[in-house]
2 protein chains.
Amino acid sequence: MSLKYAERMDNIKASEIRELLKLTQDPKVISFAGGLPAAELFPIEEMKKISVDVLEKYGKVALQYGPTEGYEPLRKVIASRMKKLGVEASKDNILVISGSQQGLDFSGKIFINPGDVILCESPSYLGAINAFKAYEPKFIEVPTDGDGMILEDLEDILKNNDNVKFIYVIPDFQNPSGRTWTEERRKGLIKLANKYDIVIVEDNPYGELRFEGEYLPALAHYDTEGRVIFLGTFSKIFCPGLRLGWVYARSDILNKFILTKQGADLQSSTISQIQVAEFFEEYDIDGHIEKLRTVYKKRRDVMIKAMEDEFPDCVSFTRPNGGLFTWAVLPENINARELAVKALKKNVAFVPGGSFFPNGGNENTMRLNYSCMNEEKIIEGIKRLAAAINDMLLETEKA
Amino acid sequence: MSLKYAERMDNIKASEIRELLKLTQDPKVISFAGGLPAAELFPIEEMKKISVDVLEKYGKVALQYGPTEGYEPLRKVIASRMKKLGVEASKDNILVISGSQQGLDFSGKIFINPGDVILCESPSYLGAINAFKAYEPKFIEVPTDGDGMILEDLEDILKNNDNVKFIYVIPDFQNPSGRTWTEERRKGLIKLANKYDIVIVEDNPYGELRFEGEYLPALAHYDTEGRVIFLGTFSKIFCPGLRLGWVYARSDILNKFILTKQGADLQSSTISQIQVAEFFEEYDIDGHIEKLRTVYKKRRDVMIKAMEDEFPDCVSFTRPNGGLFTWAVLPENINARELAVKALKKNVAFVPGGSFFPNGGNENTMRLNYSCMNEEKIIEGIKRLAAAINDMLLETEKA
């Protein structure tokens, strides 16, 4: 039997992270590879009560089909939550989706013709790159420093490319780099997007997980023309297993997302939507997030300290003020994919950074997650990883 | 701000059904429009117990990210369930998805280049047509009688079109027509697919809802070359609000679906997957399905009897042996979309049949659902609908 797949399938590769995650199921492995929240902080007891309450109060509705747009009380909860990010939203600007990954896929589906240009930070989120690739764009990576995209470079690119469909950014505690955009860069990005009439896709899974410093408003806050599409998720502040996120956008753009969702999966889980709405009504979500912040901050501190203590000086890394990740740069002659194999033999895992660059290169980088391992394991894992790095440095010197 | 959407968005229209469903929220309206299961039969008490048990036993796993392929015990449950349809499957042939609608979208994404040809029954399922349209195919509707596609016509089409990507069929209690393929036609379809080397997408949401007569094996049962992709769902035999279905396919084809799911939404709800696996373990799903069959059979009987009693002789309709729908054909000069507007004024709703023909026409048809209204309402609704039909016939005569 001969199989003729669509051309787009040539671009669709397995996510290195999800393949790695399979290998790291072994309890002996200390994994800095995933972006998993700490399972010990999930509100399991509260969810037990909520589950029973929802079935008692709304059983017939909860188990039935519901509207594509989402469960109305949840849309209201989300709209009001957007105020924390400096965005005045109404429920009519909100579509509930199955995790923000779905919003990335839909952004690609709605905007990208084959050959269109997408701009992203360099590096950028692997899952977004993979989602967009299905729609066959070209990626231009915008040079990025510790403050966000370098605006002069961004303007040069916008000036010289007339088929840019959108700019994709993660302004807060970026995956993979952990970096956060300054307010000045945020304003500058909006100004350029206005000048060149470009849509922005703002991906914001980690914004509420700030450990220190002042909260900055979302890009959508500075947007006066409705050109920012904001993707949010309950995965990092609540529970990823429920698969719920949202799109906030101007209503004509949101309508395209709603139509796309109809064809893609009709709607997100009715019962999970009602559960989340009830949780936000009945329990103290901000207190819950505060707990996450406290634990993750401690783990970041422990990981950074361990890296300072254990890593050789030729390895540099970011010191994020929030989120789940730090990003390390190895000497140029060290290939992090090879290092990952060696590290796995020492029972420690991370994600090689090369996959976060849509146009390749930068094979001497790695992403390290600190949210889902306890402090003891973080220290032990960094020791093992340092040993693997030192082994490789030694081999390279010899060669 | 000028918005340049992708070209595919020109093809994406709102589902008439989901738009109609919004109008039919009014409790005064008797709706034959949706394809909703009877909410009063949902196993609410059982789900309460299951919800607590799952959180107690597997809380940290249930609320966490999980593998893209799906929760392994659920994949095993599904594989073993496929035996009822005459298909020997292993868990490695199963991907859990968010309702079978997602399998339709993925089928389009994986196979269709713009301009490729998709064959379908005439009429065919509106949700599938909309999902495929996003990938810009041409549709060829294969003439269909009470026994399935007319194989001579199918062969003519296959002979004369060399870019057919797949044949999409709903062989059991088809949506919208209620018709079921005979065994002879099933075998004949597989033979032609083998001869012309074509993939088949078999959509089977209603197969287990047979009211009378003998069960026929799924198309996948007759397939010796792994060319049938089978889409199943828990929405019609269990609860649609959980949004869970599955793809069964040969492992190399399934791998494309897994990669596509990674980019589309990472995975389906972990907690809902564990709940369904536990339900199938702890409770009698076959007993539950038997209850559905009994109730839906009674409702079908009542609806058919009411149509026989109330509809004028110039309206013909199908008498399905299972599933959720009957299909009615009005005189050619009666437009069912106009009728739907008049019917809604009499507080009764249905879906005009024209939307089920991807290439248009057949505006004198309608789809009627009998699963989600009680018997009294079915009788009253058919009376109102008959009155609307008679009004229109009278107007047409006058004109």
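This briefing describes selected features of chains A and B, grouped by topic. The model is predicted: local features need pLDDT of at least 70, side-chain atom pairs count only at pLDDT 80 or more, and totals for chains, interfaces and linings use all residues. Residues are numbered from 1 along each chain as its sequence is written, chains are lettered from A and ligands numbered from 1 in the order in which they are written, and side-chain values use heavy atoms, with hydrogens and water left out. Helices (H or I, at least four residues) and strands (E, at least two) are DSSP runs, numbered from the N terminus.

**Annotated span**
- An unreviewed UniProt entry places the feature "domain: Aminotransferase class I/classII large" at residues 53–385 of chain A; such annotations may be inferred rather than shown by experiment.
- This span of chain A is 43% helix and 17% strand, and its end C-alpha atoms lie 46 Å apart.

**Helix pair between the chains**
- Helix α2 (residues 44–62) of chain A packs against helix α2 (residues 44–62) of chain B at about 165°, with the axes 9 Å apart; axes are lines fitted to C-alpha atoms over the stretch in contact, and angles run from 0 to 180 degrees between N-to-C directions.
- α2(A) is therefore roughly antiparallel to α2(B), a term for angles over 145 degrees.
- Their crossing is right-handed, meaning that the near helix is turned clockwise from the far one by less than a right angle.
- Residues making the contact (heavy atoms within 4.5 Å) include A:Leu55 and A:Glu56 of α2(A) and B:Leu55 and B:Glu56 of α2(B).
- The contact residues divide into 8 nonpolar, 4 polar and 6 charged, where Asp, Glu, Lys and Arg count as charged, Ala, Val, Leu, Ile, Met, Phe, Trp, Tyr, Cys and Pro as nonpolar, and the others, Gly among them, as polar.

**Open sheet in chain B**
- Four strands form an open sheet with antiparallel pairing in the order β11-β12-β15-β14 (chain B); strands pair if DSSP finds at least two bridges between them.
- At the edges are β11 (316–317) and β14 (351–352) of chain B, each pairing on one side only.
- Helix α11 (residues 285–310) of chain B packs on the sheet, touching β11, β12 and β15 (365–369), and its direction makes about 15° with that of β12(B).
- Between β11(B) and β12 (residues 325–329) of chain B there are 2 bridges, and B:Ser316 stands opposite B:Val329.

**Backbone exceptions**
- Most residues other than glycine have a negative phi, and most peptide bonds are trans.
- The bond from A:Ser122 to A:Pro123 is cis, with omega near 5°; A:Pro123 lies in the loop between β3 (117–121) and α5 (126–133) of chain A.
- B:Asn175 and B:Pro176 are also joined by a cis peptide bond, with omega about 20°.
- A:Leu266 is not a glycine, yet has a positive phi of about 65°.

Terms used. Parallel < 35°, antiparallel > 145°, perpendicular 65-115°, else oblique.
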